[in-house]
Amino acid sequence: MLNKKIFLSIALTWTVIITVLSLVSLGSIGQSIPIANKDKYVHIIFYFCFTIFWLAYWQKRKYDKKNEIKVLLCAIGYGILMEVLQGTLTTYRSPDVLDVVANSTGAIGGLLFIRGFLKK
């Protein structure tokens with residue numbers, strides 16, 4: 001199994017990536033892709049991975065459901081925080097309740113994926 005420091009590095013790096021991409025102007029990147037609500041899929045993927053990476057770091061040798069809940073609540077809370085910061089720190093981004101829903105969906109999906117993975 002990978003060293004916990006590696007899991008921590010991956011989780012922190014992913015968190016920084018989400019933070020930067022949530023707060024910078026992306027201009028017209030991805031606008032030519034003809035998929036409805038494509039940004040929501042990106043949110044789902046980002047928070048799916050966020051939850052998996054942080055669960056991988058926090059889980060000990062024996063699975064602990066308390067860590068599941070803590071990571072899930074942190075992921076959802078972090079998604080809400082990013083939306084609030086978009087509305088308060090930037091003039092080119094705006095908060096969106098549907099982004100919070102997508103973030104939360106990704107986080108819950110990541111948790112369910114880990115639960116299913118651990119059962120096997």
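Mentor: Let us begin with burial: a residue is buried under 20% relative accessible area, exposed over 50%, and partly exposed in between (1.4 Å probe, protein chains only). Of the 120 residues of this chain, 33% count as buried. The model is predicted, so local features need pLDDT of at least 70 and side-chain atom pairs pLDDT 80 or more, while totals for chains, interfaces and linings use all residues. Residues are numbered from 1 along each chain as its sequence is written, and side-chain values use heavy atoms, with hydrogens and water left out.

Trainee: What is the secondary structure of the chain?

Mentor: The chain has four helices and zero strands, in the order α-α-α-α. Helices (H or I, at least four residues) and strands (E, at least two) are DSSP runs, numbered from the N terminus.

Trainee: Why does Glu68 count as buried?

Mentor: The relative accessibility of Glu68 is 1%, and the limit for buried is under 20%; therefore Glu68 counts as buried. This residue belongs to helix α3 (residues 65-89).

Trainee: What makes the link between the side chains of Glu68 and Arg115 a polar contact?

Mentor: A polar contact is a pair of N or O atoms within 3.5 Å; within protein, one must be able to donate a hydrogen and the other to accept it, and residues adjacent in sequence count only if both atoms are side-chain atoms. The side chains of Glu68 and Arg115 are joined at 2.7 Å, which means that the distance meets the limit of 3.5 Å.

Trainee: How many aromatic pairs are there, and why is the pair of Trp14 and Phe53 called edge-to-face?

Mentor: Rings of Phe, Tyr and Trp (its six-membered ring) pair if their centres lie within 6.5 Å; planes under 30 degrees apart count as stacked, over 60 as edge-to-face and the rest as tilted. The count comes to eight aromatic pairs. The ring centres of Trp14 and Phe53 are 5.6 Å apart and their planes stand at 80°, so this pair is edge-to-face. Trp14 lies in helix α1 (residues 4-23) and Phe53 in helix α2 (residues 38-58), 39 residues apart.

Trainee: Are Trp14 and Phe53 buried or partly exposed?

Mentor: Trp14, at 19% relative accessibility, counts as buried, whereas Phe53, at 23%, counts as partly exposed.

Trainee: What kind of aromatic pair do Phe48 and Phe113 form?

Mentor: Phe48 and Phe113 form a tilted pair, with 5.6 Å from centre to centre and 55° between the planes.
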